[in-house]
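User: I would like to go through a structure with you. Could you begin with the terms I shall need?

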Amino acid sequence: MIRIERRLTEARWLVPAVPAGSLVAAAVLSGIILLLTGHDPIGTWARLLDRGFFADGAMSATFVTATPLLLTGLAAAAAFRMQTWNIGAEGQLYLGAVGASGAGIALRDQSPVLIIPAMVIAGILTGAVWAAIPGVLRAYTRTNEIITSLMLNYVAGLLMTYLIFDSQSYWRDLSTFTARVFPQGKYLSDAANWPSFRLAGLAIPLGLVLGIVAAAVLWLLYARTRFGFEARVIGDSRAAAHYAGIRTRRKIVAVMALSGALAGVGGASEIGDFRHVLDPRGLQQASFGYSGIVVAALARLNPFAVVVVAVLLGGLSNAGFSLQGATFPAGLVGTLQGLILFCALAGELLVHYRIRLRRPAIIPPATEAAGAGVA
Amino acid sequence: MKNPPPLGEGEVEAEKPPAVTMRRITKRFPGVLANDGIDFEVLRGEIHALLGENGAGKSTLSNILTGLYRPDEGEIFLHGKPLIFHAPRDAIDAGIGMVHQHFRLAASFTVAENLVLGHRDAADRGLLLEPRVVEGRIADLARRYRMPVNPRARIWQLSVGEQQRVEILKVLYRGARILILDEPTSQLTPQEADALFQTLRLMTAEQRTVIFISHKLEEVMAVSNRVTVLRRGKVIGTVKTENTNTRALARMMVGREVVFTQKKEGPAQAERQLALELRQVSANGDLGTPTLHDIDLQVHAGEIVGIAGVAGNGQRELAEVITGMRRRTGGSVMVMGRLTRGGDPLEAIRRGVAYVPDDRLGTGVAPSLSIAENLVLKAFRRAPISTQGVLHLGRIRTNAVELMQRFNIGASSPLVPARQLSGGNIQKVLLARELSSRPRLLVASSPTSGLDVGATDTVRGLLLEAAGRGVGILLISEDLDEILALADRIAVLYNGRIRGVVERQNAHVEELGLMMAGAA
């Protein structure tokens, strides 16, 4: 019989050993599935790693996918650390994209020095305001922020769709006949293209740099400032925070806005770094906001770990796309990715619990004591 | 079997093997020897008290007996037969049931549902619950042991006393013949405790065995047949209750004579400034109904004013109104002669009002934060702990090291999370933080409840020392002995009103008791 018991002490060596063990388990499990479906496990693994990280240009492509995951992961981590459950990074990212593309269109004739900061700020503000809605509702009317922030995702998605498909809005391109028949957004000018940085042959998008800076700022905020201290007290015990004279309601709104601002930068980066147009379908298909929650959970809400996890998941997701083909169905790709995530999350359990094989107990034969029960 | 002879007569011990025999039990935790070669024997049908201070090893020993921990060394015999537990389920199957101090009930489930939760039973048919059968059995048990409870009530609807009955019914329902109760009276009113003692006697009359874990001497004397005293993981001795007294037990438990600290003389009131003055203060309870009515109260600098009364008569509301955690609905609160706006804890903190709440873990400290962080829970917003919004971690640490030493807080490091501390040490963290903030007024709610003898003495000493330095203290306590030992003046709170204020030297226990019951 197998039993799971809570560990009395959590050994330090488990922290690196468990993720490593999880990867091995994922490799074995997916190897079995690959063998059963007639694929070469080692070859597939090699291709997965190659396409995700090592092939020519693979790492640069991975950074592109990792950038929005990093920012939404940070958004989730920022709120979750205060036990405030912002599930709305998805919608906040859309709003960031709306804000940033609006700013980019409005300033299309200006120089990049003006446009790019304006896009970032617009993304921050729209994301923050969108997240502040569930924040205010939580703080002042005690509604559940999980539900409100989640539902606002659908509102944000519909709003984007409305702006491009169902209206003649400022964001929609109406300049040509085809654009009027097949709705699409206005493309931004080249001056609104965010720069990327070259480092050791890799292209690093501006959004990724902003994300890494944000991770460091977030860490400092929580570890070294009064703001972060108050947030941690609130996260641990609302009653203790009230007792200590902390203004909990203002803080909830502020942390939700901070979380939304991070997701909003993710939306701005999607526009400035990659799409250069407000693309409702593309953004909704990507669902970066929800993946960000997985990133934050895998990173145990540590901002620096969010950076690493975002890059790993970005690579995994890219490799999946390029593995897919006539002999390698998309479902199998999803299965492999799912197994890796499953093993990583299940492995977390082992840090706190241990599994023990149990022998049957030695119990004295039923005496009158055991027999004379109630029944 | 029908009429067991009264306990304490040698023939019982000779006839039957003991219900529980633990031999040379040793259990080590990292850095702690929690149980050190313990020999422990409980006879069938007796109430056996396990007495000891916090940290003496009572909980470890009971966790071993219920299969939660495995002993590193030693043997356990049940009714004379050796056995080894691998898991709590084995202990349950062997007829051992534990009633924990903090109840383990699912709040939104009914009493009946809680009883069958996780219980496998021959009468069960597959996945289907049979509420009628279960409710019938509960009613039988409840009648037999005089523990009235409605099987269909949901746990959150029940009082603490009723919830405890459900916990006891749960272990009985599972057929427990040996019951372990961990500090069962810590959350009960005196009346509820008496009812519990009656129930326990009914159980032992049916040859069930009760192990009663406690650190309260009076109740051990009142309820038990024999007492085993633990100190620092060792058995100090086992005695028959009829052959001992509270003094002797206290000496065994603490290892020295215990004389509680007493306040010597009151201050010369007339010369002293008023630290706190309440005029006609009213406030609502949590449900929005008026709970405090027209409270008039004064606390002078250096004076200890005791608020006596049975819990639930407005004590928490009174403390919270003074400390800004609750809005008042009428009247005025003045701290050091200045009117407060009220309803703002930060305002109270800035005026020099310190507060030791009765809910220590959860309100008084943030449980997952470290000792060091909890020691600056209020000071973090001021220099030198923070400047321009930035925390100075080095100063937080030095502050913690200094306070831990000064207040003798027992922990291996300032980085230990508060929830890992014992009740006494949590209270020391609270007092260290509140007293080091140089308060003008200290509101202390049940400052020693649940603490062992040594910690109680330390806490009382700290309160007296603070009063000696000129802090006005409002001591809210259900423990009348404590109030009589410390307070200069005593006010009795009943139904949200002050029933009278008496000087300590004129106070009579009987008179206070009548006021507490609303009769005077």
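Analyst: Two residues are in contact if their C-beta atoms, placed from the backbone, lie within 7 Å. Please note that this is a predicted model.

User: In chain A, what share of the contacts with a separation of 6 or more comes from residues 24 or more positions apart?

Analyst: Such residues account for 76% of those contacts in chain A.

User: What is the average pLDDT of chain A?

Analyst: The average is 89, and 92% of the residues score at least 70.

User: Where does pLDDT stay under 50 in chain A?

Analyst: That applies to residues 363-375, for which the model has 24 contacts beyond four places in sequence. Where pLDDT is low, the predicted coordinates should not be read in detail.

User: How many helices and strands are there in chain A?

Analyst: Chain A has 16 helices and 4 strands. Of its 375 residues, 45% are buried.

User: Turning to chain B, in what order do the strands of the open sheet run?

Analyst: The order of the 6 strands in chain B is S16-S19-S20-S13-S21-S22, with mixed pairing. The edge strands are S16 (353-356) and S22 (497-503) of chain B, each of which pairs on one side only.

User: How do S21(B) and S22(B) pair?

Analyst: They pair in the antiparallel sense over 6 bridges. Tyr494(B) has Arg497(B), in S22(B), as its bridge partner.

User: Which strands does helix H17 of chain B lie across?

Analyst: Helix H17 (residues 509-516) of chain B lies across S13, S21 and S22 of chain B, and runs at about 30° to S21(B). Helix H10 (residues 315-322) of chain B runs at about 155° to S19(B).

Note on methods:
Residues are numbered from 1 along each chain as its sequence is written. Chains are lettered from A and ligands numbered from 1 in the order in which they are written. This is a predicted model: local features need pLDDT of at least 70, side-chain atom pairs count only at pLDDT 80 or more; totals for chains, interfaces and linings use all residues. pLDDT is the predictor's confidence in each residue, from 0 to 100. Helices (H or I, at least four residues) and strands (E, at least two) are DSSP runs, numbered from the N terminus. A residue is buried if 20 or more other C-beta atoms lie within 10 Å of its own, exposed if 12 or fewer, and partly exposed in between; C-beta atoms are placed from the backbone. Two strands pair if DSSP finds at least two bridges between them. Axes are lines fitted to C-alpha atoms, for helices over the stretch in contact, and angles run from 0 to 180 degrees between N-to-C directions.
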